[in-house]
Amino acid sequence: MEFGLTQEQQMVVDTVRDFVEKELYPHEAIVESKGHVPPEITRDIRQKVLDMGFYAANIPEEFGGGGLDHVTMTLLERELGRASQALSVIFGRPSNILCGCKGEQVEKYLKPAIRGEKIDCIALTEPDAGSDVRSMKASAIKDGDDWIINGTKHFITHADEADFAIVFIATGEEQTPRGPKKRITCFLIDRDTAGFEIRDGYQCVSHRGYNNSILNFDNCRVSSAQILGEEGTGFDEANTWLGATRLTVAALAVGRAQRCFDMAVEWAAERKQFGQAIGKFQGVSFKLADMATEIQAAEYLTLGAAWKLDQGLPADQDIAMAKLYATEMLGRVTDETLQIFGGMGLMTELPIERFWRDARVERIWDGTSEIQRHIISRGLLRPLGA
Amino acid sequence: MKVLVPIKRVIDANVQVRVKSDQTGVELTNVKMAMNPFCEIAVEQAVRLKEAGIASEVIVVSAGPAQAQETLRTGLAMGADRGIHIQSDEDLQPLAIAKLLKAVVANEDPGLVILGKQAIDGDNNQTGQMLSALLGWSQGAFISAMEKDGDLLKITREVDGGLQKVSVKLPSVLTVDLRLNEPRYASLPNIMKAKKKPIDATSPADLGVEVAPRVKTLKVTEPPARAAGVIVGSVAELVDKLKNEAKVI
Ligand SMILES: Cc1cc2nc3c(=O)[nH]c(=O)nc-3n(C[C@H](O)[C@H](O)[C@H](O)COP(=O)(O)OP(=O)(O)OC[C@H]3O[C@@H](n4cnc5c(N)ncnc54)[C@H](O)[C@@H]3O)c2cc1C
Ligand SMILES: Cc1cc2nc3c(=O)[nH]c(=O)nc-3n(C[C@H](O)[C@H](O)[C@H](O)COP(=O)(O)OP(=O)(O)OC[C@H]3O[C@@H](n4cnc5c(N)ncnc54)[C@H](O)[C@@H]3O)c2cc1C
């Protein structure tokens, strides 16, 4: 067993950490207060990341990306996770599912995404289909070589800035061993397509620096050439390419928790009450001990799952465990850090309240904690026929 | 022209340094280490010289324990071509390092040595100047700009009270100041290439240099906490205090 990092991995970690601290942290307060990243800051960060050759580090080399393996990518995501999501997202990692592009799609979507020229968003969730995404109502009917799409997606991150959307749509039903199920097809839809409207979404208390949107399809006509993969293979594409997305949430949670925790330790050592550092009270120091232990546990779970992916081993349960534990851990660490800061922890003058608010969404998106538990327990019970 | 860039591994500039409880030095366990920031500027300058076609090869060299190799790899990831590791667990002091570098210069025959003006651990600001004296080469310390002009280098030095422009003859030893350039981040392709670039291992014994320390550290302590300041009411009061209390004017 080898727990150390290679020199390359260490350099990736050091470089990204350095970048995050120097190029992202300084903009966090302004992004939070404005509710968006000023365009000139976006351009500047994106260009720097392109110059460093780190843009699309997640995409395999054969497609023109950085080709990092899962462990190294997880370390990179951990470091990026320290910063506000609104800023770290500019350190572009186009959706892996674009690797499924074929023919003209490669030049139209994959390559521009890797070069930072086109931004994507992914649309699965609907008002009536969240965790149970397969129950989606958005549907497409075939008309000659075209498809006519009707329906609504919501909570779609960055759709307002995206050049195109990767949209999952029902295209019929099929019989499966567990009853009839919808056939799901993945479409690439340009933002200016007639019948496709991107509307303002809701105000989110987590991650204030960017928006979620509502996508409306009203007799939106797209050609078969816009299908990623084949008709009906949407979930296969998603399983092939998007499985690891949940792991990036786990990695983010570890990085964010570590940043928050470091501030908690420093505060506990500096803040004096009753004539001594509050860290000298067991009521505070034991919190720190628990937090450190949980962060490390989450980190090992996360890197362990990434390692399994690199070995080509089944990792669904491991990823679910990492996502579940790391995001729940982040909730506890940010809450306890806020407690250690006392009243100051709640004030927007310090980033602690932001870490605490931001942590909340991580237990919900990319599969709620309950859905992760469902995946883990299904893996335990299904082999026994239960 | 080969360019030699000596680099040092030090405590990361963002880490708050703490004195060890036995006062023999500063705490190094579990502390993040990084390349000395002035050395980063030196590497950046050398890589720019190569990109401009002035340097043919950039060699980074570091003297120190096994972990100095990590710092060399970082230099390689910034674009240096190869590294030399002078393995030693001794407390290497500026004169010893200058002698080691002199021996490396004799082997490599560079046209230019670029160093940081000082390392942020000891803040000695001596190695470059000593190396230039040992080699009998021209020196330009604290440079904030440089331009090649035939056999000469036109440099700008940051000196007390302003900027001094001088020309130095090659070969030369330069030490760089903060404003010379903004070092690049290591690029992902260069990080991946760094492993394939060679690092030659050598030692003080191989180089025939005696490195035993000549200066002994008796005790390391925290600087005294600064006393609270006072706000003066007027310029006249300030001048009076500087004259009669602080006795500095
Ligand atoms: C800020 C934000 C950004 C988002 N961005 C995107 C995006 O870009 N693209 C996208 O497609 N989606 C996005 N989402 C949607 C996200 O993936 C969903 O919110 C998530 O899948 C949960 O769905 P839901 O909100 O409809 O909750 P529901 O599915 O309605 O769940 C409600 C509650 O019921 C529980 N529950 C549901 N089913 C079960 C079960 N079988 N067993 C036990 N408990 C269950 C859930 O755990 C949860 O506690 C985003 C969400 C947010 C908040
Ligand atoms: C919105 C808001 C409004 C407020 N309004 C008022 C007001 O109107 N008037 C007013 O006077 N005050 C007000 N306060 C102050 C409030 O009462 C204090 O924030 C509270 O008493 C905690 O003090 P502190 O924030 O300085 O935290 P600290 O006392 O510094 O505590 C920091 C952490 O150390 C822990 N700790 C401290 N001592 C010990 C110990 N001996 N053992 C174990 N753990 C310990 C604490 O539990 C906490 O987790 C307000 C605070 C807020 C946030």
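**Notebook: cavities, ligands and a few backbone details**

I counted two cavities of 30 Å³ or more. For this I took a cavity as a set of points, on a 1 Å grid over the protein atoms alone, where a 1.4 Å probe fits but cannot get out; lining residues have an atom within 4 Å of a point. A volume here is the space filled by probe spheres set on the points, which are joined across faces, edges and corners.

The model is predicted, so I note that local features need pLDDT of at least 70, that side-chain atom pairs count only at pLDDT 80 or more, and that totals for chains, interfaces and linings use all residues. Residues are numbered from 1 along each chain as its sequence is written, chains are lettered from A and ligands numbered from 1 in the order in which they are written, and side-chain values use heavy atoms, with hydrogens and water left out.

**Entry 1**

I looked up the largest cavity and found about 40 Å³ of space in it. Its lining consists of A:Thr74, A:Arg78, A:Ala251, A:Val254, A:Glu299, A:Thr302 and A:Leu303. Which helices supply at least two residues each to this lining? They are helix H4 (70-80), helix H8 (245-270) and helix H9 (282-311) of chain A. H9(A) gives the largest share, three residues. Helices in these notes are DSSP runs of H or I with at least four residues, strands are runs of E with at least two, and both are numbered from the N terminus.

By class, I read three nonpolar, two polar and two charged residues in the lining of the largest cavity. The classes put Ala, Val, Leu, Ile, Met, Phe, Trp, Tyr, Cys and Pro as nonpolar, Asp, Glu, Lys and Arg as charged, and the others, Gly among them, as polar.

The second largest cavity holds about 30 Å³ of space. I list A:Glu32, A:Ser84, A:Gln85, A:Ala86, A:His207, A:Arg208, A:Gly209, A:Tyr210 and A:Asp358 as its lining. That lining divides into two nonpolar, four polar and three charged residues.

**Entry 2: ligand 1**

I found 17 residues around ligand 1, and A:Thr125, A:Ser131, A:Phe155, A:Thr368 and A:Glu370 come nearest. A residue is counted if one of its heavy atoms lies within 4 Å of the ligand.

I then looked up polar contacts, meaning pairs of N or O atoms within 3.5 Å; within protein, one must be able to donate a hydrogen and the other to accept it, and residues adjacent in sequence count only if both atoms are side-chain atoms. A side-chain N or O atom of A:Thr125 is 2.6 Å from a nitrogen atom of ligand 1. For A:Thr368, a polar side-chain atom lies 2.7 Å from an oxygen atom of the ligand. The side chain of A:Glu370 has an N or O atom 2.6 Å from an oxygen atom of ligand 1.

Taken alone, ligand 1 exposes 960 Å², and the protein buries 62% of that. I used the Shrake-Rupley method with a 1.4 Å probe for accessible areas; for residues, only the protein chains shown count as cover. Strand S1 (120-123), strand S3 (146-157) and helix H12 (369-381) of chain A each give two or more residues to the shell. The largest share, three residues, comes from S3(A). The shell has 10 nonpolar, five polar and two charged residues.

**Entry 3: ligand 2**

Among the residues around ligand 2 I noted A:Phe274, A:Ile278, A:Phe281 and A:Met347. A polar side-chain atom of A:Arg271 is 2.6 Å from an oxygen atom of ligand 2. The backbone contributes at A:Gln339, with a polar atom 2.6 Å from a ligand oxygen, and at A:Gly343, with an N or O atom 2.7 Å from a ligand oxygen. Ligand 2 taken alone exposes 980 Å², of which the protein buries 42%. Its shell divides into six nonpolar, four polar and one charged.

**Entry 4: backbone details**

Most residues other than glycine have a negative phi, and most peptide bonds are trans. I found a positive phi of about 60° at A:Ala56, which is not a glycine. A:Ala56 lies in the loop between helix H3 (39-51) and H4 of chain A. In chain B, a cis peptide bond joins B:Leu170 and B:Pro171, with omega about -5°.

Conventions:
1 Å grid on protein atoms, 1.4 Å probe; cavity = no way out; pocket = protein on both sides within 12 Å on 5 of 7 lines; lining within 4 Å.
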